[in-house]
Amino acid sequence: MLRTINMKNNAIQITVVLVALLLSVQTLTAQTLAVRGKTIYTMAGDPIEDGVVLIDGKRIQRVGSATQVTIPNGCRVLEANVVVPGLIDARATIGLTGYLNQAQDQDVLERSSPIQPELRALDAYNPRERLVEWARSFGVTTVHTGHAPGEVISGQTMIAKLTGNTVNDAVIKPTAMIACTLGEGAVKHEQKSPGTRSKAVAMLRSELLAAQAYLRKIERAEEAATDSPDGENAANGKDETADSEDGEGKKSPQKPDRNLRYEALGWVLKKEMPLLVTAHRAHDISVALRLAREFEIDIVLDGAAEAYLVADAITDAGVPVIVHPTMMRSHRGSTENASMETAAKLAALGIAMAMQSGYESYVPKTRIVLFEAGIAAAYGLGFDGALRACTIDAAKLLGIDQRVGSIEGGKDADLALYDGDPFEYTTHCTATIINGEVLHEGER
Amino acid sequence: MHHGWKRILGLAAAAWLTVPVGVALAGGLTVYKNARIIPIGAPEIESGVLVVRDGKIEAIGKTGEVPKPGDAEQIDLDGMTIMPGLICTHSHLGGGWGGDSSEPIQPACRIYDSINVRDSGLQKAQAGGLTTLNVMPGSGHLLSGQTIYIKLNDAKTIDGAAIRNDAGEIMGGMKMANGTNSQRQPPFPGTRAKSAALVRQRLIDAQAYQRKIEKAEAEDDADKMPERDLALEGLVEVLTGKRVVHFHTHRHDDILTTLRLSKEFGFKIVLHHISEGWKVADEIVAAKAPCSVIVIDSPGGKLEAAELLLKTGAVLEKAGALVAFHTDDPITDSRLFLRSAALAVRAGMSREKALEALTIAGAKMLELDGRIGSLAAGKDADFIVLDGDPLSVYTKVQQTFVEGKLVFDRSKPADRLFAVGGYGASDDHEPFSCCLEFGPGGPHH
């Protein structure tokens, strides 16, 4: 009896201590960080003058005017002239393309075959790559990165935060899209296929048809499995020698062996993710729209240097565009007609649009989406449009707006702090916060 | 020479053309007034006057302090900013090549012989406010050839664009490189030491050639004059200082090798790119080597630029070096050349030196600072009209003038196409229409 009471007492004591500990931990995290900004662009309503963002661990707890949101005592406070949501780079290659530009740090393009949708970005992304730190120091916090343009299907893309020691720490979406290239960019020379646009599209269509057949086989096998009581084994492909026969001697379909390539294309065919189509010439963009209709798939246009020539068709198809870097080189070749005003023109037509750093095979090894958005701002898109295109609009296009892209309670605490207009050449990024952690401080 | 009929055509044009703001019709004499003026080398003028006569600056000063010739065309630039035309000390526009892949040192090759002045890149450069370029062959050789200094004056031929010295000779430097770009399969070098050895041997050959010529001249003995050797002639022009060596060099040790070669053979150099210049700023200053810096958005892309930083200009300025920027177009876009200076300011360079680095510093490196690079009486009337501060992302070049002639006007659709891009912006246009050629004030595309 006595012993029981003691035990009870101990239990109560332990509980009290635990509750106290939990409370204190919660209090501590709730007070770890606050950001005070002369102007806070939340991208969810009007900008807040003299505002405060309270950060609770990895998430934003509250944002509002300094008169309404009190900064708790003991809380670390960062101050800045301008606070915006952490920038989102809607199409990058960093993490897969290293700054040294040597064979050992280039994983964006596998040249052995023109169609390889099974290549996962996840298996190549290096979160410690120097360009990750470089982009972060300008306020970039989230990237849609992965295999580069340059093959008909070069591989998969992923979405990552520019933080963490492992890809697991960084990843938001392990596979976001399948990267496809149409036009000069994917046409080969030296008598290799595809050597022409038509051949590239024929190869791509054939592969999509094969993937459709693969999906049909799986579907039939699964249907058969649910229809027949012992069909489970058949559908699982246990019997590899022959299709099993039911009582009437009719063959029931077998599930095909797993095929990573068709599986990945299957995600696109089932609309689980879009095909990311890099196409610059107007006629290549038309091909992309034609493929989307034929296979009833979702596509996202990437680059789209001549989008302004076929803007009506893009609008009618309701296809979003991740417009090429504004400062992309426009010499002879597929991008020769690029305009620094394309982003502005697409936005004016109401086309869903986001900014990107893109892929560079040489110097600079990566562009910075902040800079590209800045030039777009100056060339007709304006400050608000440009900021949207690398924050909330990019988040929506990528399907991650529940977590990032605006400064709102409950969203990830990803913020970029500047000492002036973020797009001005001479402004500095003074701090970058990802998941509530200050990962850059200084004047970059 | 053609001023007479040009003026008549110009006046005729005025009768049926809408004349854009800021365009002189009077040909010879124009007053640009009420502009904010950044003369370079002199204090900025809040509201000033620039008087241009026959392609030269006649006077510059504050409003009310400069006499305005009564017969001059008056252009009101209230709200605009005037600064000197930008000078790019390192450009590859015009599609020209120097040496081929037959050997690593090719001083006989002149980019003069391969440049296309109708290349659309030149018109894009005008849209960026550039008025003078040093057009160079590439960096895939230890010495890829002779460079040329040109004005972006809408000339139809390279001879019309080339800048000449007082003797009437076409001006240019010599392009050299070290580091990894020029290392290839034999006969190209495979190491840095081999690179330097090949260059030294060739320069020693040139010294011997020069001695023979000097001896023959001293003895007035034509028989002793060596046969002309174009390659050695080119190198002798380096040794005598007639040609500045524009030396592509990135890594700190390559920069020091460049300084060592320059000292050993006594040739004039400009250090180009110098990604790691911030590591050896004191050595560069001690050698009095001018620095033409490239500003790139991120480090790397090639091994020797892995340590490139935006602060290079700032560090070199503080150490006391002469700093210019260049586009290396197509590496960076001439249309956004002002941006290079602005990013350098972001990384700690002073506004004054950053603006000089786009103008007078480059002029000095091309030995043209007596003619261009700042707005002062007697200098060429190469200037640009901006709609805002030169270091703001939102500022656009509205007009570019070369020797008083309007060569870019953003208000004209044909010119605007080059400024922003769009369908046909990369076609090599003829700078002149077939039948009509207007002087300042008329259409020129």
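I began with B:Pro330, which lies in the loop between β14 (323–326) and α9 (337–346) of chain B. The model is a predicted one. I looked up the peptide bond from B:Asp329 to B:Pro330 and found it cis, with omega near 25°.

I then turned to chain A. The bond from A:Val363 to A:Pro364 is cis, with omega near -5°. I placed A:Pro364 in the loop between β13 (353–354) and α10 (369–389) of chain A. I note that most peptide bonds are trans, and that most residues other than glycine have a negative phi.

Next I examined backbone phi values. B:Ile40, not a glycine, has a positive phi of about 70°. I located B:Ile40 in the loop between β1 and β2 (45–53) of chain B. Is B:Ile40 buried or exposed? I count B:Ile40 as buried because 20 C-beta neighbours lie inside 10 Å, and the threshold for a buried residue is 20 or more.

B:His273 also carries a positive phi, of about 75°, but lies in strand β12 (residues 269–273) of chain B. With 29 C-beta neighbours inside 10 Å, B:His273 is therefore buried.

β6(B) and β7 (residues 130–135) run parallel, joined by 4 bridges, and I found B:Ser91 opposite B:Val135 in β7(B).

Strand β5 (residues 81–84) of chain B runs parallel to β1 (residues 29–37), with 2 bridges, and pairs in the antiparallel sense with β15 (residues 383–386) over 4 bridges. I noted that B:Thr81 is the bridge partner of B:Arg36 and that B:Leu386 is the bridge partner of B:Thr81 in β15(B).

Terms used. Residues are numbered from 1 along each chain as its sequence is written. Chains are lettered from A and ligands numbered from 1 in the order in which they are written. This is a predicted model: local features need pLDDT of at least 70, side-chain atom pairs count only at pLDDT 80 or more; totals for chains, interfaces and linings use all residues. Two strands pair if DSSP finds at least two bridges between them. A residue is buried if 20 or more other C-beta atoms lie within 10 Å of its own, exposed if 12 or fewer, and partly exposed in between; C-beta atoms are placed from the backbone.
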